[in-house]
Amino acid sequence: MDYNYREVEKKWQDAWRKNKTYKTGIDRQKPKFYVLDMFPYPSGAGLHVGHPLGYIASDIYARYKRQKGYNVLHPMGYDAYGLPAEQYAIQTGQHPAITTERNISRYREQLDKIGFSFDWDREVRTCDPAYYKWTQWTFIQLFKHFYNNKTRKAEPIQALIAEFEVNGNAGVDAACDPVAPFSAIQWKTMDEAGRQQILMNYRLAYLSDTMVNWCPALGTVLANDEVKEGFSVRGNHPVERKKMKQWFLRITAYADRLLEGLERIEWSESLKEIQRNWIGRSEGATVFFGLKGHDASIEVFTTRPDTIFGATFMVLAPEHELVSQITTPEYATAVEEYVAQAARRSDRERMAEVKTVSGQFTGGYAMHPFSGKPMPVFIADYVLAGYGTGAIMAVPAHDSRDYAFARHFGLEIVEVVTGGNIEEGSYDAKQGRMINSDFINGLEVKEAISTVIARLEQMGIGTRRINFRLRDAIFSRQRYWGEPFPVYYKDSIPYVLDESELPLQLPEVDKYLPTETGEPPLARAIHWQTKEGYPLEHNTMPGFAGSSAYYIRYMDPGNDQALVSKEAVSYWQNVDLYVGGAEHATGHLIYSRFWNKFLFDLGIVVKDEPFQKLINQGMIQGRSNFVYRVKGSNTFVSFNLRKDYDVMPIHVDVNIVHHDLLDMEAFRQWNPEYRDAKFVLEDGKYICGWEVEKMSKSFHNVQNPDDLIERYGADTLRLYEMFLGPIEQAKPWDTNGIEGVFRFIRKLWRLYNGKENEWSVSDEPANDKEKKVLHKAIRKVGEDIEKFSFNTAVSSFMICVNELGDMACNKREILEPLAIMVSSFAPHLGEELWHRLGHTESVTIAPFPQWEEQYVADDLLTYPVSFNGKTRFKIELSAQSTREEVEAAVLSAPEAAKWLEGKAPKRVIVVPGKIVNVVI
RNA sequence: GCGGAUGUGGCGUAAUUGGUAGCCGCGCCAGACUUAGGAUCUGGUGCCGAAAGGCGUGGGGGUUCGAGUCCCUUCAUCCGCACCA
């Protein structure tokens, strides 16, 4: 008889639930620790083995921290709004809430089976009105605040209005859309519509008419992070540009704080780098170029003001507002055509044509601010309307794109920085001395930049400027299954609901489709209006709305008076350890940081950064198996013989392959097509080929945790997922190795139990050898957990159990601390052993054992002795030996003579406790 | 193109951070027990070699008594961004 994992795991899962073992509350006697997993979207497919990887790691860490005396907050909930449930609803007519509810219970069932230490009393769901009340509340606050660049924080819009009433907007420095200057008197004489229009330019949540990413297949707009290479991330549908009125969040106001904050948080360098790139800060200057025959001027942004004397022409984005003004009649037709063509092309097409140079001369000329030379003005779609000012000064000698353009249109190329060869190509490096550049000749690039900016500022035609690539986040979705906006329209002006009206509940609709007139699904809802009869907003919020502050809500999930109580937030503060995938780098992880910073400005949260330490678990890839079918037949050739035939590899279900050996009978049953399959075998076996690929149904390589738990138990699954390799690294899932971990579990059990599976732990005192094994394991496992090196911790457990097994150690003094340690990895087994050892309280609160130096120290050391760096033999010496004693012992050792060949060593290097190297 | 990461046995990996390369596990080989099994246990297993020994951390070079680890260079793979001025 062996360890009965089925019975034991079930028993403790029930007991933990019943006793609320993982319930957490504020306890000021203990230090807090907040361990969080990324919010899962409960998909219909359920969990596969890749999903729980991070949850297992964080669970081990949470359990370890509890045993170390921390009060650990470790919650779980569901990001329940999302497109798949709604797509399903559209197809079937079933309410997405029903599908979502069903998927959630399936998730919960799967999660429970793995033995996580979540405090389920804190569960939140984004689609729960009690939850989204606070998502809506936060939106209202965003609407009612603006970002003051002077104080670098969000401030009430009321304060802005007060300022307008006294001084107009002249003294205001806010993150906003361009607003024409106005005086206090002008403000006071404005009507309501005028004032609201002005204020909209300042609000952190604002309505704006701009080009958006429109996805016709999904029937909604998407944020930039939801689009990849012109296709929607979800569903991979084409995305096009469209002008629409949409809600936005002014995340750009926080660009510099989002960038700076990265310096203070412990995230992987690559993740921070992705965010830095996404934010895309660049330093430079804006410069105004006067136009010939016009009052208007073209504003450009450049990071290379030093090259201004090399600017020989100007390029505007086709969408630029000055295009129509500067185009001369003779070019009007050509320009119109080019603009129309550019507008027609999707992002996708634009990207595909990156290499081809296209553009159109407008007939207009700008004037060089220093030389006064005329510069032809072109339009071209290599200049993006959405970045900088949508216009550039082209410096062909020092910008490869401008160079290609100039060559194509035969424009002048003037070298102004030494170091390259402009005959061959542009010289883009920011290194060299200025030439052909009037007052900056001879300067280094860096000095030239500041000199030019100073001159521009002095002349009043330019300023130093920091530009960001980050755009404001589109916050409207033309979908049903999302949070309704707490917004209504009065005379077409948007207003937010009073907080007392929250939550504004998602209404019922007859269909989850847009209306015949193209309105979003909420337009179908009857009486979708305020008490006073004003129409409510038809859009809903995007997926990231509900997931942006969920970690705050976990601190105080039942509170209906506030997002979070002062008490809870002052205790739990922020997330100490966040575990999840890197795919959220430019979405959730940016939005959350922004959202948190805003709430921080409001004094709702106490930490400026939400996630102090973040671990990205690597993706678990699938390991696919292949059979090799002889083309045009139903004969399959074993792996090593496939070269002798003309074969085609076919994916085969990994569940009918064991250690790459095909279960031929199962294969025949697997698919009717193969019922009469013939096999060409090697050594009587059919060996399959294999490859590492994405885990996917279509590759027949999906492993779900339920099957493995059924076969090996949850503890084995947990240990095996950790044993696979470093948590942050992507690695293939290979079930072949799980047996080894399963054996370990049983070996561990046998330390505590006799041959007949009878409990057999002795109270005899342990000897020094046994203590050494234990204490070394305590030290190693503790250190490994602290540095999230779970794979090496599992390996240390194996070493420890192997050694104790060899010693046939069954002593309580050793096995009790071992049970505590192992319980964070294998909680069911740990809890069972702990109780059998006679304890009545849960092992989760047993203190993690302390290791002692006296037990781990060795008195004899094995010195490897090398000659000229090559290890030749080993010698055992007392740990107390001095350098001289070691040297003498080594040189007089019998093995040494052979290598010394009678010569005296040139030098002997002794590193105490480590090695000896003899140089001859 | 720019940025980040990773290259170690047949496979997943480890290496006290410059000090015995290959721990632990899988697989494989041999043996034991067996109602010859996709069970369990014991031993072996980097490569070449009969051995002595030699070679060996993607390749090349360097620093050092000593390099998987540091430096230079090069190749490969993965990821992110990409006409961002």
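Strands are DSSP runs (E, at least two residues; helices are H or I, at least four), numbered from the N terminus, and two strands pair if DSSP finds at least two bridges between them. This is a predicted model in which local features need pLDDT of at least 70, side-chain atom pairs count only at pLDDT 80 or more, and totals for chains, interfaces and linings use all residues. Residues are numbered from 1 along each chain as its sequence is written, chains are lettered from A and ligands numbered from 1 in the order in which they are written, and side-chain values use heavy atoms, without hydrogens and water.

- An open sheet of mixed pairing is formed by four strands in the order 31-30-33-32.
- Strand 31 (870-878) and strand 32 each have a single partner strand and stand at the edges, so one side of each lacks a neighbour in the sheet.

**Pairing of strand 33**
- Strand 33 (residues 915-919) runs parallel to strand 30 (residues 860-867), joined by three bridges.
- Five bridges pair strand 33 with strand 32 (residues 907-911) in the antiparallel sense.
- Val916 is the bridge partner of Val865 and also of Val910.

**Hairpin**
- Three residues lie between strand 32 and strand 33 in their hairpin, where Gly913 has a positive phi near 80°.
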